[in-house]
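Let's take a walk through this one, from the inside out.

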Amino acid sequence: MISVVIPTYKRPDLLKRLLTSISQQSVQPEEVIIVDDCSGMTLEYSEVINEFSTILANLKYFSLESNSGASTARNKGIYESTQPWIALVDDDDEWLPEKLAEQKKLITQSTDEKLGLVYTWTEAQGVGEQASYTSCISVKGDARKALLTTNFIMSASVMVKREAIIEVNCFDVALPSCQDWDMWIRICLAGYHIDVVEKILTIHHRHGGESIGLSPKAKLGYKLLLESHWREIYKHTNIKNIVKKVILYIEVKVKTNGLRIK
């Protein structure tokens with residue numbers, strides 16, 4: 001029922017921590033797909049894969065021929081997957097032991113034929129100057145209004161229906177940031193519903209150093225997301241959110257003037 005898709009880049013040590021947490025799941029996935037974004041660390045990754053190939057069933061490893069970004073790596077894993085539900089997670093995050101079991105239980109017991117995405121509450125653990133917090137927002141069913149207002153879904157917690165993510169053409173590789181938010185929006189705009197396991201079952205590690213949320217490319221990604229979904233924001237949300245988005249768009253456009261995606 002479950003394929004796990006993991007993009008990775010030059011972090012075999014953190015990948016090992018994640019795979020340990022997957023091996024400790026009370027319900028095991030049918031396959032685990034790792035896509036290396038051309039790290040150039042063949043030996044280091046081989047050691048990790050060899051260690052876990054006897055622990056995790058159907059562990060698959062792919063390496064991209066050129067460094068293409070996390071979205072391209074995720075899309076490769078999605079297309080290589082064979083199960084109806086895909087659990088997405090980055091190499092530096094972790095799952096608590098009941099994560100997959102609780103999501104599988106919710107999915108199998110659901111009567112919502114439009115269900116396409118299930119997430120969990122998440123604990124974000126900061127390192128250095130990065131703040132720690134919990135993400136415990138619950139939205140169920142038609143989430144268009146909520147997602148067009150803000151991104152409340154932590155990507156490492158998501159289990160998504162494979163046919164839903166394929167239908168909307170996977171992650172947008174042209175976005176320098178906000179790729180996950182854009183994906184959740186497109187899935188909901190395609191008519192799929194969401195649900196949530198109201199337990200903290202995912203750990204998101206926030207590393208020290210410059211926050212991606214403050215970088216120029218992050219702001220450019222936000223600007224492009226607003227441009228892509230402006231009509232839907234106007235159609236599905238209230239005037240307060242629209243005004244806020246207009247102000248932010250103007251501010252971000254000024255700050256990112258001349259910036260181009262490399």
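How many nonpolar, polar and charged residues does the lining of the largest cavity have? By class, five are nonpolar, one is polar and three are charged. (Ala, Val, Leu, Ile, Met, Phe, Trp, Tyr, Cys and Pro count as nonpolar, Asp, Glu, Lys and Arg as charged, and the others, Gly among them, as polar.) Keep in mind that this is a predicted model, where local features need pLDDT of at least 70, side-chain atom pairs count only at pLDDT 80 or more, and totals for chains, interfaces and linings use all residues. Residues are numbered from 1 along each chain as its sequence is written, and side-chain values use heavy atoms, with hydrogens and water left out.

Among the residues around that cavity are Arg74, Asp90, Phe171 and Trp184. A cavity here is a set of points on a 1 Å grid over the protein atoms alone where a 1.4 Å probe fits but cannot get out, and lining residues have an atom within 4 Å of a point. The space inside comes to about 50 Å³, taken as the volume filled by probe spheres set on points joined across faces, edges and corners.

Now for the rings. There are four aromatic pairs, counted when ring centres of Phe, Tyr or Trp (its six-membered ring) lie within 6.5 Å. Phe171 and Trp184 have ring centres 6.4 Å apart and planes at 75 degrees, so they pair edge-to-face (over 60 degrees; under 30 is stacked, the rest tilted). Phe171 sits in the loop between helix H6 (162-167) and helix H7 (179-189), while Trp184 is in helix H7, 13 residues apart; helices (H or I, at least four residues) and strands (E, at least two) are DSSP runs, numbered from the N terminus.

Finally, the charges: twelve salt bridges turn up, each a side-chain nitrogen of Lys or Arg within 4 Å of a carboxyl oxygen of Asp or Glu. In one of them, Asp92 meets Arg11, with the closest N and O atoms 3.6 Å apart. Asp92 lies in the loop between strands S4 (85-88) and S5 (94-95) and Arg11 in the loop between strand S1 (2-8) and helix H1 (12-23), so the pair ties together parts 81 residues apart in sequence.

Technical notes
On a 1 Å grid over the protein atoms alone, a cavity is a set of points where a 1.4 Å probe fits but cannot get out, and a pocket is an open set with protein on both sides within 12 Å along at least five of seven lines; lining residues have an atom within 4 Å of a point.
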